[in-house]
Amino acid sequence: MKVKNNNKALSNKRRPEVLQKLLYEVLVELGESPTRPGLLKTPQRWAEALVTYTDGMTQDPEDHLNVIFQLEEDDYPSESDDMVSVDNIQFVSTCEHHMAPIRGVAHIGYIPNSTSRVITGLSKIARVVSVFANRLQVQEQLTHQIARAIDKHLNPLGVIVVIQAVHYCMIQRGVKQHETRTLTTARRGVFQSKGELELKFQEYLKLKINTNLL
Ligand SMILES: [Zn+2]
């Protein structure tokens, strides 16, 4: 079944003043008194916070990934499959099923295209994570959206995205699993066909985690 992906639509119609009225009604429905001092400004705060949590809906990752550089041909020979990896990119997202926080880290590796030799700024990789995280999400989709954006805009030989996250909807409700982490992976290009590259990527992650130099 083809499901419409609302994340593709960039929305600018996000009005805190409308949202705050809706939360006022929710508080009444919960049996609260929205006019008591502690709650007086809560609808306004919540509305402004929700707009912030989802401000990735108003941004296009392309704006960040358009910042590209080209490696010199001599520095990056045509047969190279050397990897750029960026680890521990922290993010907070919002679960689209329960509107609860997702807190996690992303680890990303890509192998520049040996013909175009295009790379992007390291901070741009973190920005792309942030744009997609600041939308209503499920972790699997977030992982693939990041991989797809990097694949589309840098056209690398391959890209891999690994995300580890905790979901507060699993902590605060339902199964109440406090220690469970969810791990998701998305692969594109040579990472799909050459398993040894993923092992190499994992070795780099261990190298960084084990070092005390940073
Ligand atoms: Zn959830």
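Before you start, residues are numbered from 1 along each chain as its sequence is written. Because this is a predicted model, local features need pLDDT of at least 70 and side-chain atom pairs count only at pLDDT 80 or more, while totals for chains, interfaces and linings use all residues.

**Exercise 1. Get an overview of the chain.**

Task: find how the chain is divided and how many helices and strands there are in it.

Solution. Begin with the domains, whose bounds come from an automatic or database domain assignment: domain 1 covers 6-52 and domain 2 covers 59-210. Their C-alpha centres lie 32 Å apart. Next, count the elements, which are DSSP runs numbered from the N terminus (helices are H or I, at least four residues; strands are E, at least two). The chain has 8 helices and 7 strands. Finally, its C-alpha trace spans about 70 × 45 × 35 Å along the principal axes.

**Exercise 2. Trace the sheet around S6.**

Task: work out the strand order of the open sheet and the partners of S6.

Solution. Two strands pair if DSSP finds at least two bridges between them. The 5 strands follow the order S5-S2-S3-S6-S7, with mixed pairing. S5 (136-137) and S7 are the edge strands, each pairing on one side only. Now look at S6. On one side, 10 bridges join S3 to S6 in antiparallel fashion; Gly109 stands opposite Ile160, and His107 has Val162 as its bridge partner. S6 is also joined by 8 bridges to S7 (residues 182-189), again antiparallel, with Val162 opposite Thr185. To finish, check burial (20 or more other C-beta atoms within 10 Å of a residue's own means buried, 12 or fewer exposed, in between partly exposed, with C-beta atoms placed from the backbone). In S6, 8 of the 10 residues are buried, so this strand is largely enclosed by the rest of the structure.

**Exercise 3. Explore the nonpolar core.**

Task: which residues of the largest nonpolar core touch the most other members?

Solution. A nonpolar core is a set of buried Ala, Val, Leu, Ile, Met, Phe, Trp, Tyr and Cys residues joined through C-beta atoms within 7 Å. The largest has 31 residues, and Ala106, Val128, Val129, Ile146, Ile150 and Val161 touch the most other members. Elements giving two or more residues include S3 (101-111), helix H4 (122-133), helix H5 (139-154) and S6 (158-167). Then zoom in on Ile146, using contacts (C-beta atoms, placed from the backbone, within 7 Å). Leaving out residues up to four places away in sequence, Ile146 touches Ala106, Ile108, Val128, Val129, Phe132 and Val161.

Terms used. Two residues are in contact if their C-beta atoms, placed from the backbone, lie within 7 Å.
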